[in-house]
Amino acid sequence: MSGGCLGAGSTIRTRIALVYGGVFLVLGALLLLVVNLLVRAGTNGETDAIVARAGGGGGVAVVEAYRIGDDVGRAANEQMLMWSCLSLLVIACGAVVVGWWTAGRVLRPVHEMTARARRLSERNLDERLAVRGPDDELKELGDTIDALLGRLEAAFDSQRRFIANASHELRTPLATQRAAIQIGLDDDCGVRQVLLDTNRHSERLLDGLLLLARGERGLAEREDVPFAEVVTEECEDAVVGGAEHGVVRGSRVLLRQLVRNLVANAVVHNVPGGTVDVRVEGGVLTVVNTGPVVPPDDVEGLFEPFRRGEGRDRTGPGAGLGLSIVRSIAVAHGGSVTAVARGAGEGGGLTVTVTLPVTATRP
């Protein structure tokens, strides 16, 4: 009796109970079959002996006695078979109930471990399942998960330290290089502007990578942020829909960066004289722009790091991290990002929608 036969919605507890009842039913049926065969053989022998003693006079009386004995034996066998089957079914149902109760007791530690594991995130990796009880398979599973959490905690701590150190160690040389270029080279030097552009590109790339890493590692602190307010701060022409504004639980700095990157990406990947429409309603931000026609199969790839739109090279103003950062920040806030390519008849470009969970509303 496999889980596939029971369907995807069945639980281990249900399967254990049904297997327990099924095994009992099969074994009970075999036992009753053997008992009935033995009882029938014994009953027939006893009936013959009783009839022989009762019909000693011979003749018609013996024949009638044998007939009555056969009828009595058949009725006894039928009654025994009927009541045996009925009893087997009742006891099998009881076995399923007992199996259900037993499975619940056995699987209770698994449910507790599952509930504790669901509460874990990158912000509380220091917590452990700490399974107590006898040294059995369930305790071994809990200890293994605790060891895994310990390794994850060490990896996250190492990542946080790396990001903090890289933020300082990499910015300082770039700032020094920029100052040296500005001071050491004359304004009319042709190489000066090239070096400054390369330096600024490196700084933008570094800022984007650090912001992407910060978004992917989650939010250490959260606050109530009116999402529409953040959008209008970054884009004054944004259309705010609805009578009430959604409040998002997260980081105001990262949400502003999300809006800034999304709008900047829509402006950069546009055509001369094109348009950018920004609309926010509740926790949903929609940015629509005109631009080159993007094949639908290429849309998902635009969210990958260092992917640029058609015609963009690696020496251009962008670092290829805009939409990657947008998705990373949205996921860190428990939201999602989707993009849909617009056809040539619609002006080309993309329709990008950011959906964030709203914890409250404000007028």
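Modeller: Helices here are DSSP runs of H or I with at least four residues, and strands are runs of E with at least two, both numbered from the N terminus. By that count the protein has eight helices and eight strands.

Biologist: What kind of model is this, and which atoms do the side-chain values use?

Modeller: This is a predicted model, in which local features need pLDDT of at least 70 and side-chain atom pairs count only at pLDDT 80 or more, while totals for chains, interfaces and linings use all residues. Residues are numbered from 1 along each chain as its sequence is written, and side-chain values use heavy atoms, with hydrogens and water left out.

Biologist: What makes Phe24, Met82, Trp83, Leu86, Val90 and Ile91 a nonpolar patch?

Modeller: Patch residues have over 30% relative accessible area and no salt bridge; nonpolar side chains (Val, Leu, Ile, Met, Phe, Trp, Tyr) are joined within 5 Å, like charges within 9 Å. A salt bridge would be a side-chain nitrogen of Lys or Arg within 4 Å of a carboxyl oxygen of Asp or Glu. These six residues form such a patch on the surface, with about 590 Å² of accessible area together. The areas come from the Shrake-Rupley method with a 1.4 Å probe; for residues, only the protein chains shown count as cover.

Biologist: Which helix gives the most to the nonpolar patch?

Modeller: Helix 3, residues 60-118, with five residues. Ile91 lies in helix 3.

Biologist: Where is Val354, and is Val354 buried or exposed?

Modeller: Val354 sits in strand 7, residues 350-355. Its relative accessible area is 0%, so Val354 is buried. Leaving out residues up to four places away in sequence, its contacts (heavy atoms within 4.5 Å) include Leu258, Leu262, Val284, Leu285, Val326 and Val337.

Biologist: How do you know whether Val299, a loop residue, is buried or exposed?

Modeller: Val299 has 6% relative accessibility, and therefore counts as buried. The loop runs between strand 5 (284-289) and helix 8 (322-332). Val299 touches Val294, Ala339, Ala341 and Leu350, again not counting residues up to four places away in sequence. Val299 and Ala339 are 40 residues apart along the chain, yet their C-alpha atoms are separated by 6.7 Å.

Biologist: Why are the buried residues of helix 6 said to line one face?

Modeller: The buried residues of helix 6 (residues 227-234) are Phe227, Ala228, Val230 and Val231. Seen down the axis of helix 6, they fall within an arc of 160°, so they line one face. The arc is that of the directions from the helix axis to the C-beta atoms. What covers them includes strand 1 (223-226), strand 3 (245-250) and helix 7 (252-268).

Biologist: What makes helix 8 largely enclosed?

Modeller: Eight of the 11 residues of helix 8 are buried, so the rest of the structure largely encloses this helix. Among them are Leu323, Ile325, Val326 and Ile329. Just after helix 8, Gly334 takes a positive phi of about 80°.

Key. Buried means under 20% relative accessible area, exposed over 50%, partly exposed in between (1.4 Å probe, protein chains only).
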